[in-house]
Amino acid sequence: MAKLSKNTLAAHFIFTIFIVSALAENGSSFARTMDKKVLGMKKEKLSHFRLYWHDIVGGKNPTAVPVVFPSRNSTTAFGMISVIDDPLTMGPELSSKMVGRAQGFYSAASQQEVGLLMAMNFAFMEGKYNGSTITILGRNTVFSKVREMPVIGGSGLFRFARGYVEARTHRFDLATGDAVVQYDCYVMHY
């Protein structure tokens, strides 16, 4: 194999850089740096929302429906998956003003305690945030006094959202399994 001179190698390197740069400028690259103002992103702000999540598993109009049942020998409901479309209200009573719905699922993901994997969108249906969502994904140990889960994104006015929620059980009915949970949402968004 012939040995290339330093000048030939340098010329080849420069030519390669030129071709790669030209291709990138012609749109063959799948990623680019953008100015956030192009997307209408202004100053980032922190918002706090206090909502009440109504998980209704009993009665004729449940808002949480099991789609996979737990293992028969589990004391923690391990393996159970429920799909939810739970009302989100301004106060702890179901009759208080509904501002949105929690839509998604939860799964009993612990064999040692009642620990849920929560994956849900808080879909707002009222006021300024109508049509916007906050996405929550995290672990919920339901018998802990306070549970913290991350906000991993959102849509509409919550594009690029990040933050966390704190969940506190307000009421739990052992006979029906229905629950009302206070959610304090702390969300950074533009």
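Colleague: At 1% relative accessibility, does Asp 184 count as buried or exposed?

Modeller: Start with the scale: buried means under 20% relative accessible area, exposed means over 50%, and partly exposed lies in between, using a 1.4 Å probe and protein chains only. Asp 184 has 1% relative accessibility, so Asp 184 counts as buried. A word on the source: this is a predicted model, where local features need pLDDT of at least 70 and side-chain atom pairs count only at pLDDT 80 or more, while totals for chains, interfaces and linings use all residues. Residues are numbered from 1 along each chain as its sequence is written, and side-chain values use heavy atoms, with hydrogens and water left out.

Colleague: Which residue forms a salt bridge with Asp 184?

Modeller: The rule comes before the case. A salt bridge is a side-chain nitrogen of Lys or Arg within 4 Å of a carboxyl oxygen of Asp or Glu. By this rule there are eight salt bridges. The partner of Asp 184 is Arg 50, with the closest N and O atoms 2.8 Å apart. Asp 184 sits in strand 9 and Arg 50 in strand 1, so the pair ties together parts that are 134 residues apart in sequence. Arg 50 has 44% relative accessibility, so Arg 50 counts as partly exposed.

Colleague: Which residues are linked with Arg 50 and Asp 184 in a network of salt bridges?

Modeller: Glu 166 and Arg 168 complete that network. The side chains of Glu 166 and Arg 168 meet at 3.2 Å, N to O. Glu 166 counts as buried at 16% relative accessibility. Arg 168 is partly exposed, with a relative accessible area of 28%.

Colleague: Where in the chain are Asp 85 and Arg 101?

Modeller: Asp 85 and Arg 101 form a salt bridge, with the closest N and O atoms 2.8 Å apart. Asp 85 is in strand 3 and Arg 101 in strand 4, 16 residues apart. Asp 85 is partly exposed, at a relative accessible area of 30%. Arg 101 counts as buried at 18% relative accessibility.

Colleague: How many bridges pair strand 1 with strand 9?

Modeller: Strands here are DSSP runs of E, at least two residues long, numbered from the N terminus. Two strands pair if DSSP finds at least two bridges between them. Strand 1 (residues 45-55) and strand 9 (residues 179-189) have eleven, in the antiparallel sense. Strand 1 also pairs with strand 3 (residues 81-89), antiparallel, over two bridges. There, Tyr 52 stands opposite Thr 89.

Colleague: What is the bridge partner of His 54 in strand 9?

Modeller: Val 180. His 54 itself belongs to strand 1. His 54 is buried, with a relative accessible area of 3%. Its side chain makes a polar contact of 2.7 Å with that of Thr 89. A polar contact is a pair of N or O atoms within 3.5 Å; within protein, one must be able to donate a hydrogen and the other to accept it, and residues adjacent in sequence count only if both atoms are side-chain atoms. Plain contact means heavy atoms within 4.5 Å. Beyond four places in sequence, the contacts of His 54 include Thr 63, Asp 86, Pro 87 and Leu 94.

Colleague: Which residues have the most contacts inside the largest nonpolar core?

Modeller: In soluble globular proteins, nonpolar side chains tend to be buried together. A nonpolar core is a set of buried Ala, Val, Leu, Ile, Met, Phe, Trp, Tyr and Cys residues joined through side-chain atoms within 4.5 Å. The largest core has 30 residues, and those with the most contacts inside it are Trp 53, Met 120, Phe 122, Ile 134 and Tyr 183. Strands 1, 3, 4, 5, 6, 7, 8 and 9 each supply at least two of its residues. Tyr 183 touches Phe 49, Trp 53, Met 120 and Phe 122, among others.

Colleague: How many aromatic pairs are there?

Modeller: Rings of Phe, Tyr and Trp (its six-membered ring) pair if their centres lie within 6.5 Å; planes under 30 degrees apart count as stacked, over 60 as edge-to-face and the rest as tilted. The count is ten. Take Phe 49 and Phe 124: centres 5.5 Å apart, planes at 40 degrees, so the pair is tilted. Phe 49 lies in strand 1 and Phe 124 in strand 5, so parts 75 residues apart in sequence are tied together. Both Phe 49 and Phe 124 are buried.

Colleague: Why is the pair of Phe 49 and Tyr 129 edge-to-face?

Modeller: Their planes are at 80 degrees, with centres 5.2 Å apart, so the pair is edge-to-face. Tyr 129 lies in the loop between strand 5 and strand 6, 80 residues from Phe 49. Tyr 129 is buried, as is Phe 49. Ring pairs link Phe 49, Phe 124, Tyr 129 and Phe 158 into a cluster.

Terms used. Helices (H or I, at least four residues) and strands (E, at least two) are DSSP runs, numbered from the N terminus.
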